[in-house]
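Keep the sequence and the 3D view open while reading.

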Amino acid sequence: MPIYEYKCQKCGHITEQLRSMSTADDATACEECQSKETQRVQSVFAANSGGGGAVPDCCPAGPMTGGGCCGGMCQGH
Ligand SMILES: [Zn+2]
């Protein structure tokens, strides 16, 4: 399951959440001030770590040959 980051619009705190892709855009409460005014941001961790289990292997490696990337679920392509 991918890790998503949600930035609080009130205090700026980043809350990390493990979520399925279907609920990724749902609002989450800030763990710092409990505000529901959070916005999903691109996870730097997922983009730079080379995977770490959070990102399918095909994403940092580039387009797959045949079958499509991540079964069409990858947002990077
Ligand atoms: Zn907050």
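## Basis and overall layout

Helices (H or I, at least four residues) and strands (E, at least two) are DSSP runs, numbered from the N terminus. From the N terminus on, the protein chain reads β-β-β-α-α. That gives two helices and three strands.

This is a predicted model: local features need pLDDT of at least 70, side-chain atom pairs count only at pLDDT 80 or more, and totals for chains, interfaces and linings use all residues. Residues are numbered from 1 along each chain as its sequence is written, and side-chain values use heavy atoms, with hydrogens and water left out.

## Surface and contacts

Of the 77 residues in the protein chain, 29% are buried. Buried means under 20% relative accessible area, exposed over 50%, and partly exposed in between (1.4 Å probe, protein chains only). The accessible surface of the chain is about 5100 Å². Carbon and sulfur atoms account for 50% of that surface. Accessible areas come from the Shrake-Rupley method with a 1.4 Å probe; for residues, only the protein chains shown count as cover.

A contact means heavy atoms within 4.5 Å. Take the contacts between residues at least 6 apart in sequence: 30% of them join residues at least 24 apart.

Two strands pair if DSSP finds at least two bridges between them. Strand β1 (residues 3-8) and strand β2 (residues 14-18) run antiparallel, joined by five bridges. Tyr4 stands opposite Gln17 in β2. The hairpin of β1 and β2 has five residues between the strands. In this hairpin, Gly12 takes a positive phi near 85°.

β1 also pairs with β3, again in the antiparallel sense, over four bridges. Here Glu5 has Val41 in β3 as its bridge partner. In a regular strand the side chains alternate between the two faces of the sheet.

Is Thr15 buried or exposed? Thr15, in strand β2, is buried, with a relative accessible area of 1%. Thr15 touches Tyr4, Glu5, Tyr6, Ala29, Cys30 and Glu31, not counting residues up to four places away in sequence. The C-alpha atoms of Thr15 and Glu5 are separated by 5.6 Å, and the two residues are 10 apart along the chain.

Ile3 sits in strand β1. Ile3 is partly exposed, with a relative accessible area of 24%.

## The zinc site

Which residues hold the zinc ion? The protein donors are Cys8 (SG), Cys11 (SG), Cys30 (SG) and Cys33 (SG), lying 2.3 Å from the ion. Donors are N, O and S atoms within 2.8 Å of the metal (3.2 Å for Na, K and Ca); water is not among the atoms, so sites may look incomplete. In sequence the donor residues follow the spacing C-x2-C-x18-C-x2-C.

The four donor atoms subtend angles of 103 to 120° around the zinc ion, so the arrangement is tetrahedral. Four donors count as tetrahedral if all angles lie between 85 and 135 degrees. Cys8 is buried, at 2% relative accessible area. Cys11 is partly exposed, at 42%.

## The loop between β2 and β3

Ser35 is found in this loop. Ser35 is buried, with a relative accessible area of 7%. Not counting residues up to four places away in sequence, Ser35 touches Cys8, Lys10, Thr28, Ala29 and Cys30.

Gln34 is exposed, with a relative accessible area of 54%. Most residues other than glycine have a negative phi, and most peptide bonds are trans. Gln34 is not a glycine, yet has a positive phi of about 65°.

## The salt bridge

How many salt bridges does the structure hold? There is one. A salt bridge is a side-chain nitrogen of Lys or Arg within 4 Å of a carboxyl oxygen of Asp or Glu. Arg40 forms a salt bridge with Asp25, and the closest N and O atoms are 2.9 Å apart. Arg40 lies in strand β3 (residues 38-41) and Asp25 in the loop between β2 and β3, so the pair ties together parts that are 15 residues apart in sequence.

Arg40 is partly exposed, with a relative accessible area of 27%. Asp25 is exposed, at 63%.

Key: Four donors count as tetrahedral if all angles lie between 85 and 135 degrees; four count as square planar and six as octahedral if opposite donors are over 155 degrees apart and all others between 65 and 115; anything else is irregular.
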